[in-house]
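These are my notebook entries on a single chain, written down in the order in which I looked things up. I begin with the ground rules and then go from the overall fold to single residues.

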Amino acid sequence: MTCNVGGIDRVLRLLIGLALLSLPLWLEGPWRWAGLLGLLPLGTALLRHCPAYPWLGLDTCRAGRRTA
């Protein structure tokens, strides 16, 4: 896999993923399980690869750090 998630993008994905994963602690009812969606941005941040970026024509990774 090639790197297509850069530094600031990666930090934002980590923060958003952790925030979403904390939802079950704060919400009641069926909406609390929406926090599991936080696994998606967290996983893409850790792997430094977003499968949707090639479809959208985006790449935030620097040229020197292409391989993950």
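**Entry 1, ground rules.** I am working with a predicted model, in which local features need pLDDT of at least 70 and side-chain atom pairs count only at pLDDT 80 or more, while totals for chains, interfaces and linings use all residues. I number residues from 1 along each chain as its sequence is written, and side-chain values use heavy atoms, with hydrogens and water left out.

I looked up the secondary structure and found four helices and zero strands in the chain, in the order α-α-α-α along the sequence; helices here are DSSP runs of H or I with at least four residues, strands are runs of E with at least two, and the numbering starts at the N terminus. For the dimensions I noted that the C-alpha trace spans about 45 × 20 × 15 Å along its principal axes. The radius of gyration of the chain is 14 Å, whereas a compact globule of 68 residues would have one near 11 Å; the radius is taken over C-alpha atoms, and the globule rule is 2.2 Å times the number of residues to the power 0.38.

Of the 68 residues, 26% are buried, where buried means under 20% relative accessible area, exposed means over 50%, and partly exposed lies in between (1.4 Å probe, protein chains only). Among contacts with a separation of 6 or more, 68% join residues 24 or more positions apart, a contact being heavy atoms within 4.5 Å.

In the model, residues 12–27 are 88% helix and 0% strand, with their end C-alpha atoms 22 Å apart. For residues 1–63 the values are 51% helix and 0% strand, with 14 Å between the end C-alpha atoms.

Which residues form the nonpolar patch on the surface? I found Ile-8, Val-11, Leu-12, Leu-15 and Ile-16, with about 510 Å² of accessible area together; patches are made of residues with over 30% relative accessible area and no salt bridge, with like charges joined within 9 Å and nonpolar side chains (Val, Leu, Ile, Met, Phe, Trp, Tyr) within 5 Å. Ile-8 sits in helix α1, which runs over residues 7–21, and Ile-8 counts as exposed because its relative accessibility is 69%.

I then looked for salt bridges (a side-chain nitrogen of Lys or Arg within 4 Å of a carboxyl oxygen of Asp or Glu), and the count came to one. Asp-9 pairs with Arg-13, with the closest N and O atoms 3.0 Å apart, and both residues lie in helix α1, four residues apart, or about one turn of the helix. Asp-9 counts as buried because its relative accessibility is 15%, and Arg-13 is likewise buried, at 12%. Leaving aside neighbours within four places in sequence, I listed the contacts of Arg-13 as Val-5, Pro-41, Leu-42, Thr-44, Ala-45, Cys-50 and Tyr-53.

Is Asn-4, at 5% relative accessibility, buried or exposed? Asn-4 counts as buried, and this residue is found in the segment before α1. With neighbours within four places in sequence set aside, the contacts of Asn-4 include Arg-48, His-49, Cys-50 and Asp-59.

Gly-43 lies in helix α3 (residues 39–47) and is partly exposed, with a relative accessible area of 25%. Leu-47, also in helix α3, counts as partly exposed at 48%; Leu-47 and Arg-10 are 37 residues apart in sequence and 9.5 Å apart in space, C-alpha to C-alpha.

Arg-48 is found in the loop between α3 and α4 (53–56), and is buried, with a relative accessible area of 13%. The phi of Arg-48 is near 60°, a positive value in a residue other than glycine. Most residues other than glycine have a negative phi.

Definitions and conventions: Areas by Shrake-Rupley, 256 points an atom, 1.4 Å probe, with all protein chains shown as cover.
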